[in-house]
Amino acid sequence: MRTVNAAQRAAKREALLDAAAQCFAERGYEATRTADICAVVGMSSGNLFHYFRTKHDVLLALVEREGTQTAAFLAELGAECGPFDALLGLLEAVCEMAADPVAGGLALEISAQAHRDEDVALRYKANDRSFRDGLAGLVRAADAAGEIRTDLTPEAAATWLAALVDGVFARVEADPDFRPAEQSAVLRRLVTHLLREGGV
């Protein structure tokens with residue numbers, strides 16, 4: 001019985017995080033009320049506090065979840081295919097995420113809150129460090145496998161790859177006519193040129 005209850009509680013917690021992600025992406029963190037989050041899930045107002053002490057704790061949990069999911073996705077890609085193909089697969093996934101209003105909006109809202117909130121900033125920077133470490137690991141593995149040829153260090157390459165990823169999300173926010181899904185092939189070409197200096 002306790003296992004079932006724990007599973008149900010975990011499922012409701014995830015549902016609340018999904019609802020919060022939607023609300024924060026659409027309205028912004030500051031404008032979202034806890035009642036708004038509960039309404040999306042279909043809970044009565046106030047039930048959120050059985051799972052999170054404050055709205056701020058919800059935000060922190062979302063940042064932590066994003067980091068965990070990104071690390072797991074990188075590891076999964078690395079296990080499924082060669083390291084260079086994993087990098088290209090990541091870029092395609094980034095374009096799909098940036099095209100999703102919730103995923104893209106949440107990423108930008110978290111970035112904005114990281115400039116105002118020290119607790120968010122600490123977790124945001126930890127996620128970024130973990131993401132770049134994962135990218136550097138793939139670059140290092142691709143180099144060892146002879147799949148790339150670049151004078152960039154794995155760390156420098158990872159920093160530029162992360163900058164390109166950040167740029168996709170920022171461009172979606174700045175330019176309503178930018179369609180990231182349609183730019184996936186261009187992004188792949190840029191990264192291929194960056195890491196293979198025009199090809200091998």
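Q: Which helix supplies the largest share of the lining of the largest cavity?

A: Rolling a probe the size of a water molecule over the atoms shows where empty space is left. A cavity is a set of points on a 1 Å grid over the protein atoms alone where a 1.4 Å probe fits but cannot get out, and lining residues have an atom within 4 Å of a point. Here the largest share, three residues, comes from helix 4. This is a predicted model, in which local features need pLDDT of at least 70 and side-chain atom pairs count only at pLDDT 80 or more, while totals for chains, interfaces and linings use all residues. Residues are numbered from 1 along each chain as its sequence is written, and side-chain values use heavy atoms, with hydrogens and water left out.

Q: What is the volume of the largest cavity, and which residues line it?

A: Its volume is about 30 Å³, a volume being the space filled by probe spheres set on the grid points, which are joined across faces, edges and corners. The lining consists of Leu87, Leu90, Leu91, Phe131, Leu135, Leu161 and Val165. By class, these are seven nonpolar, no polar and no charged residues (Ala, Val, Leu, Ile, Met, Phe, Trp, Tyr, Cys and Pro count as nonpolar, Asp, Glu, Lys and Arg as charged, and the others, Gly among them, as polar).

Q: How much space lies in the largest pocket, and which residues lie nearest its centre?

A: A pocket is an open set of points with protein on both sides within 12 Å along at least five of seven lines. The largest pocket holds about 790 Å³ of space. Of its 27 lining residues, Glu66, Thr70, Met97, Ala107 and Phe169 lie nearest the centre. The lining divides into 18 nonpolar, five polar and four charged residues.

Q: Which residues have the most contacts inside the largest nonpolar core?

A: In soluble globular proteins, nonpolar side chains tend to be buried together. A nonpolar core is a set of buried Ala, Val, Leu, Ile, Met, Phe, Trp, Tyr and Cys residues joined through side-chain atoms within 4.5 Å, where buried means under 20% relative accessible area with a 1.4 Å probe, protein chains only. The largest such core has 29 residues, and those with the most contacts inside it are Phe84, Leu87, Leu90, Phe131, Leu135 and Leu195. Helix 4 gives the most to this core, with nine residues.

Definitions and conventions. Buried means under 20% relative accessible area, exposed over 50%, partly exposed in between (1.4 Å probe, protein chains only). Helices (H or I, at least four residues) and strands (E, at least two) are DSSP runs, numbered from the N terminus.
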